[in-house]
Amino acid sequence: MSKHHVSATINGEAVEYLCETQQTLLDVLRDELGLTGSKEGCGSGDCGACSVMLNGRLVCSCLVLGVEAAGAEVATIEGVAQGNSLHPLQQQFLEDAALQCGICTPGFIVAAKALLERNSNPTETEIRYWLAGNLCRCTGYDKIIRAVMGAATNMRQEARHG
Amino acid sequence: MEAIKYVRPNSVDDAVRSLASANEPVRVLAGGTDLLVQLRAGNVRPGLVVDIKGIAELKQIQVTAAGCRIGAAVAGAELSERADVVAQWPGVVEAFQLIGSTQIQGRASLGGNLCNASPAADSVPALIAAGARCTIAGPAGRREAAVEDIVISPGKTSLAQGEFIVDFLLPARPAHSGDAYLRFIPRTEMDIAVVGAGVSLTLDANGRCTAARLALGAVAPRPLLVPAGATALVGTPVDNAALEKLAAAASAACTPIDDKRGTIEFRTRVAGVLARRAAVIALQRAKGN
C-alpha cells in the first residue's frame, strides 16, 4: 500500500509529508522533516522527551501516529525561539544551568511553555505535577523547577512593563 | 511485513462498516496511549487501524436532564476543563485525571481505558460506582451495557467482533449525591494502581443513605462492582458502623494477585481502607450539594 500523504501545519508553516501508518509523529518530525529537536527517550509515553503541542494540547509525539496529524497544528521545540531571540524559558534554563546532557530539555521547555500559557503564576507544586511526565536522568529536577519559576517571574514582569 | 492500513471515518456507521469489512486483524484507535505502545512492542499486529476521533459524537460532552454523556474518545484534559461535569461527578473526573502525565491526559480516553481491559484501570471503578452505562455500536446496530459488564479478564472485553464504544452515560442523580475515587500507589504520581476504590452515594433530606455503589480496581482479574458495599451503607447515616461494614465488604470481595507492587494481604486490607476513605469523601460531597 502506498504511503499516506499528509498535510499539516508545523510551527506555523504548511508542511506536507509521506508516512506509513506505523510511523509516529516523532518519527515523521525527526526522520522525514529533519526536526530533530524533539527527542526519543522511551518511545512509550513515559519520559516526555518528545513532547509537542498538537492542536493546542501537550502530547507525547511518540504516542501519535504521523497520519493522525493530518490537518492538525503541531508546535515543536524548533518554533519556541523567535529567530535569534530565545524564549524566556530557554534563557532561564541556560542561566540556571537547568540541564546536563540536554536530551530531556526540549520536552521540558515545550511542556513548561504549555503550563505558563495556561497559568502565568504556577506554584512549585503545580509545576512539579505538570512536569511529572518529563523525566530527567541527570537528576536535575530542582534546577529545572527553579528555571521554570524564574522564567514565569520574568514573563510576568515583561507582560507588566510591555 | 504487510503495510498497516489506516482509516479515519466521520460517522459511527462508517466506522462500523470499516470494522466489519476488514479481512485482517483490526484495532480501534482513540487516544493511542495504549495502542501505540502495543504496536511498537509488537504485541499487536493489526492490518487495519480505525481512528474513531473523526466522529463528532465520540468527542462530545453533553449534560442533559438524563445525565452526563461523554464521548468514548474524549481526552482526560478535555473532560477536566468541563466545570459542569467536575461539579456533578468529581470522583469520575479525578479518577480519569490520575491516568498518566499531562501529556497522556491530552490524549487518553475513557473508552480506551475501559477497552484496554486492565484490572487496574483508574477510570473504570469510578465509572462503575457512578452507575455508568455505555453505548456500543457494531454490525448488529447499537446496544447499551453497564460498564461493569465490559471487562471480563485482563486484556479481554465482552465486546463482539466489530463492536466499539460510542459514549458513556453517567445517569443524573438526586440532590445530596456525591462520588469519589482513591487509589493506592507507592508514590504521588505516574504509577499504576495497587488498589483503587470508587464510591458513589445519595442521601435523603435527613442524611440517610438511599443509594450507594462501591467498585474496586486492581484486586481481581477485572474491575469489580461490590453489591455488599451498597448493602452496608443504604439505610444508614454512613456512620462508623456502616463504614466498618463497607470496609469489610470491600476486603471480602478481593481476589488479588501477589506481585512486586502489592501482596494479597496488603491489597485486601488496603481495599477496605480506601473504600472507607472514598465513602467519607463522597459523603462530604453529598452533604455539600
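Tutor: First, a definition: a residue is buried if 20 or more other C-beta atoms lie within 10 Å of its own, exposed if 12 or fewer, and partly exposed in between, with C-beta atoms placed from the backbone. The model is predicted: local features need pLDDT of at least 70, side-chain atom pairs count only at pLDDT 80 or more, and totals for chains, interfaces and linings use all residues. Residues are numbered from 1 along each chain as its sequence is written, while chains are lettered from A and ligands numbered from 1 in the order in which they are written.

Student: Is B:Val273 buried, exposed or partly exposed?
Tutor: B:Val273 sits in helix 11 (residues 264-287) of chain B; helices (H or I, at least four residues) and strands (E, at least two) are DSSP runs, numbered from the N terminus. Because 16 other C-beta atoms lie within 10 Å, B:Val273 is partly exposed.

Student: What separates the C-alpha atoms of B:Val273 and B:Ala250?
Tutor: Along the chain, these two residues are 23 residues apart.

Student: Which element gives the largest share of the side of domain 1 of chain B that touches domain 2 of chain B?
Tutor: The domain assignment, automatic or from a database, gives chain B domain 1 (5-50), domain 2 (61-171) and domain 3 (177-287). The contact takes 11 residues from domain 1 of chain B and 17 residues from domain 2 of chain B, where contact puts C-beta atoms, placed from the backbone, within 7 Å. On the domain 1 side, the largest share is five residues, and these come from helix 1 (residues 12-21) of chain B.

Student: Which residue is the bridge partner of B:Val28 in strand 3 of chain B?
Tutor: Strand 2 (residues 26-29) and strand 3 (residues 48-51) of chain B pair in the parallel sense over four bridges; pairing needs at least two bridges found by DSSP. In strand 3 of chain B, the partner of B:Val28 is B:Val50.

Student: What radius of gyration does chain B have?
Tutor: The radius is taken over C-alpha atoms, and the globule rule is 2.2 Å times the number of residues to the power 0.38. With 289 residues, a compact globule would come near 19 Å, and chain B agrees, so the value is 19 Å.

Student: What percentage of the residues in chain B is buried?
Tutor: Chain B has 289 residues, and the buried share of them is 55%.

Notes: Two residues are in contact if their C-beta atoms, placed from the backbone, lie within 7 Å.
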